Protein chains: 2
Amino acid sequence: MAKETNAKLSRREREIMDVIYRAGRATAAEVLDQLADPPSYSAVRALLRVLEEKGHLRHEEEGPRYVFAPTVPRARARQSALRQILHTFFDGSTEQAVAALLDLSSAKLSDEELDRLSRMIADARKEGR
Amino acid sequence: MAKETNAKLSRREREIMDVIYRAGRATAAEVLDQLADPPSYSAVRALLRVLEEKGHLRHEEEGPRYVFAPTVPRARARQSALRQILHTFFDGSTEQAVAALLDLSSAKLSDEELDRLSRMIADARKEGR
DNA sequence: CATACGATGCTGGTTTTTTAGCATAATAAT
DNA sequence: ATTATTATGCTAAAAAACCAGCATCGTATG
């Protein structure tokens, strides 16, 4: 059986996990710094401890301070996140989801990126066979 | 200024909003039915009331019962959700996100869907000019 | 009519979350 | 060496979330 990562996160805990996923790894001070609506430094540390107890974070001691990192790899966490959104907002339809993504940012996509996307789709097709 | 939808949702509140976004609209009983780890019927109703107070839901009276629906349209809510994920897990890169989506479900995509996706990308390209 | 059913309104209490404060250890600087 | 700085460990308590129960009202059914 896989290692337990008690999945139920409170709001603050979720916020903190998001910060750490963005940063890759972070100290308590860095987390505090990235929080939009920051509580006290102590509060952040308390939550980091809780998240570690729950199995979502681990820490390494780096000189005098703790650097926290997710136990669940980013790639895995984002798969879960995508699946969740797919289910809640897109009726499970990847096509709709991709459409929404393109719509969200079509202006910002370079021709090179669009080319690469085309190629990805072509490859997906080959694999399907 | 836009209407206030106090954004801070607790875990249960988030769960309930997800259920309602999936369903489009739902009664208290239906929400209860869809919850994985269901509390009492009363608890669900209490939360629905809170969500309405916070401005995330509105209700219509349908005969004797209330039918709840999101105040923020699904299309808008899912944009926010995508943006959030994009920022947290993909460093804002649409390309990476699409890649992950395809990877997640390439097996399940029909050729027709892949064709439509190709066309979407081609269209995005034209618009860009 | 009356009574069973299924809905809502409301209220109080328990549990969880969130928070700050204080004591202590290590590091760096004067 | 002393002192300032910046960590962590721990604890208690305020705040928020969560939940269940009871009263009430309307509708339908016998």
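Predicted model: local features only at pLDDT ≥ 70, side-chain atom pairs only at ≥ 80, totals over all residues.
**Exercise 1.** Describe the interface between chain B and chain A by its contacts, its buried area and its polar pairs.

*Solution.* 
Step 1. Start with the contacts: 49 residues of chain B touch 49 residues of chain A.
Step 2. Take the area next. About 5,100 Å² is buried between chain B and chain A, and carbon and sulfur atoms give 64% of that area. On the side of chain B, the residues that lose the most area to chain A are B:F89, B:E95 and B:I121, together 14% of what that side buries.
Step 3. Turn to charge. There are 10 salt bridges between chain B and chain A. A salt bridge joins B:D111 to A:R125, with the closest N and O atoms 3.5 Å apart.
Step 4. Polar contacts across the interface of chain B and chain A come to 23 residue pairs, both residues at pLDDT 80 or more.
Step 5. Assign the chain B side to elements. Helix 1, helix 4, helix 5 and helix 6 (111–128) of chain B give two or more residues each. Helix 4 of chain B gives the most, with 13 residues.
Step 6. Sort the side of chain B that touches chain A by class: 22 nonpolar, 10 polar and 17 charged residues.

**Exercise 2.** Work out which residues and elements surround DNA strand C, and which part of the strand the listed side chains approach.

*Solution.* 
Step 1. DNA strand C is surrounded by 15 residues, and the closest are A:S10, A:R12, A:S40, B:Y41 and B:Y66.
Step 2. Both chains take part. Helix 1 (11–23) and helix 3 of chain A, with helix 3 and strand 2 (65–70) of chain B, each supply at least two residues of the surface near DNA strand C. Helix 3 of chain A gives the most, with 4 residues.
Step 3. Check the distances to phosphate oxygens of DNA strand C. An N or O atom in the side chain of A:R12 is 2.8 Å from a phosphate oxygen; for B:Y41 the distance is 2.9 Å, and for B:Y66 it is 2.8 Å.
Step 4. Bases are also involved: of the atoms of DNA strand C within 4 Å of the protein, 53% belong to sugar or phosphate and the rest to bases.
Step 5. The surface near DNA strand C has 5 nonpolar, 3 polar and 7 charged residues.

**Exercise 3.** For DNA strand D, separate the listed side chains that approach a base from the one that approaches a phosphate.

*Solution.* 
Step 1. Of the 14 residues around DNA strand D, the closest are A:Y41, A:R45, A:Y66, B:S10 and B:S40.
Step 2. Base approaches: the side chain of A:R49 has an N or O atom 3.2 Å from a base nitrogen of DNA strand D, and the side chain of B:S42 has one 3.0 Å from a base nitrogen.
Step 3. Phosphate approach: an N or O atom in the side chain of A:Y66 is 2.8 Å from a phosphate oxygen of DNA strand D.
Step 4. The share of sugar or phosphate among the atoms of DNA strand D within 4 Å of the protein is 54%.

**Exercise 4.** State where A:D91 and B:D91 lie and whether each is buried or exposed.

*Solution.* 
Step 1. A:D91 is in the loop between helix 4 (74–89) and helix 5 (94–105) of chain A; B:D91 is in the loop between helix 4 (74–89) and helix 5 (94–105) of chain B.
Step 2. A:D91 has a positive phi of about 50° although it is not a glycine, and phi of B:D91 is near 50°.
Step 3. Exposed means over 50% relative accessible area. A:D91, at 53%, therefore counts as exposed, and B:D91, with 53%, is exposed.

Notes
Residues numbered from 1 in each chain as written. Chains lettered and ligands numbered in written order. Heavy atoms only, no water. Near = heavy atom within 4 Å. Polar contact = N/O pair within 3.5 Å; in protein donor to acceptor, adjacent residues only side chain to side chain. Buried < 20%, exposed > 50% of the residue type's maximum accessible area, 1.4 Å probe, protein only. Contact = heavy atoms within 4.5 Å. Buried area = accessible area lost by both parts, 1.4 Å probe. Salt bridge = Lys/Arg side-chain N within 4 Å of Asp/Glu carboxyl O. Nonpolar A, V, L, I, M, F, W, Y, C, P; charged D, E, K, R; others polar.
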